[in-house]
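Hi,

Here is the structure I promised to pass on. Have a look at it first, and then read my notes below.

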Amino acid sequence: MTMSGRLGRTLRVLIWVMPIALLVIFVLGREFLGGSAGWASVLAIAFSPAVLVALYLPVVVATFDRSARDAGSLRRAFTWTTIGWYACAVGVIVSIPDGGDSGARRSPLMTWTGISDSASEVIAVCMLGALAVALAASLVAATAGVVASRRIGQGPTARSEQP
């Protein structure tokens, strides 16, 4: 078995596990990382169904279209864009300051580095923007893989015409 086979299998498992794991880390894990939980955790729980749909949409497009999966078109681009938004999501988790009824709460990044609340907020906003771009790129890569698999010579009809 080649290393790329193991890596591919690992990534196929991670694309299904990571969205839920990231949500759980955001809600519960911030305190384990040195931050504190407040209203952001409550909002994360409230909006988790919509967030999970957005996070799983590229995965579903890339995985459940059989001809795209069989053709393997743009699989590498989809993998790297997915890894990119995972990294951005972790950046958001550790940098976003939280607010509570008793005032501002520290983010893990503030605890680790001693930066101010406003600096942590700027980093979090930049990471959220990068997350949105990476998630959109992941959806584009998944969709492009489907479109490329439908081209003449790669689609299901072309396979059935071959001897």
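Which residues have the most contacts inside the largest nonpolar core? They are Leu22, Phe26, Phe78, Trp85, Tyr86 and Leu131, in a core of 25 residues. The largest share comes from α4, with 7 residues. Before you read on, keep in mind that this is a predicted model.

For orientation, the protein has 7 helices and 2 strands, and along the sequence they run α-α-α-α-β-β-α-α-α. Of its 163 residues, 37% count as buried. If you take the contacts between residues at least 6 apart in sequence, 73% of them join residues at least 24 apart.

Back to the core, and to one residue in particular. Trp85 is among those with the most contacts inside the core, and its relative accessibility is 1%, so it counts as buried. Leaving aside neighbours within four places in sequence, Trp85 is in contact with Pro19, Leu22, Leu55, Leu131, Ala134, Leu135 and Ser138.

Next, the aromatic rings. How many aromatic pairs are there? The count comes to 2. One of them is formed by Trp16 and Tyr56, which are stacked at 5.6 Å centre to centre with 25° between the planes. Trp16 lies in helix α1 and Tyr56 in helix α2, so this pair ties together parts that are 40 residues apart in sequence. Are the two partners buried or exposed? Trp16 is partly exposed, at 33% relative accessible area, whereas Tyr56 is buried, at 15%. Trp85 and Tyr86 also form an aromatic pair, and that one is edge-to-face: 4.6 Å between centres and 70° between planes. Tyr86 is buried, with a relative accessible area of 9%, and Trp85 counts as buried too.

Then there is the second largest pocket, which has a volume of about 400 Å³. Of the 19 residues that line it, Leu23, Val51, Val92, Leu128 and Leu131 are the closest to its centre. What does the lining look like by class? It has 19 nonpolar residues, with no polar and no charged ones. The helices α1, α2, α4 and α6 each supply at least two residues of this lining, and α2 gives the most, with 7 residues.

Leu52 lies in helix α2. Apart from neighbours within four places in sequence, Leu52 is in contact with Pro19, Ile20 and Leu23. The C-alpha atoms of Leu52 and Leu23 are separated by 8.4 Å, although the two residues are 29 apart along the chain.

The other one is Ser120, in helix α6. Is Ser120 buried or exposed? Ser120 is buried, with a relative accessible area of 0%. Not counting residues up to four places away in sequence, Ser120 touches Ser95, Pro97, Ser107, Met110 and Ile115.

That's what I have for now.

Cheers

Conventions
Residues are numbered from 1 along each chain as its sequence is written. This is a predicted model: local features need pLDDT of at least 70, side-chain atom pairs count only at pLDDT 80 or more; totals for chains, interfaces and linings use all residues. Side-chain values use heavy atoms; hydrogens and water are left out. A nonpolar core is a set of buried Ala, Val, Leu, Ile, Met, Phe, Trp, Tyr and Cys residues joined through side-chain atoms within 4.5 Å. Buried means under 20% relative accessible area, exposed over 50%, partly exposed in between (1.4 Å probe, protein chains only). Helices (H or I, at least four residues) and strands (E, at least two) are DSSP runs, numbered from the N terminus. Contact means heavy atoms within 4.5 Å. On a 1 Å grid over the protein atoms alone, a cavity is a set of points where a 1.4 Å probe fits but cannot get out, and a pocket is an open set with protein on both sides within 12 Å along at least five of seven lines; lining residues have an atom within 4 Å of a point. Grid points are joined across faces, edges and corners, and a volume is the space filled by probe spheres set on the points. Ala, Val, Leu, Ile, Met, Phe, Trp, Tyr, Cys and Pro count as nonpolar, Asp, Glu, Lys and Arg as charged, and the others, Gly among them, as polar. Rings of Phe, Tyr and Trp (its six-membered ring) pair if their centres lie within 6.5 Å; planes under 30 degrees apart count as stacked, over 60 as edge-to-face and the rest as tilted.
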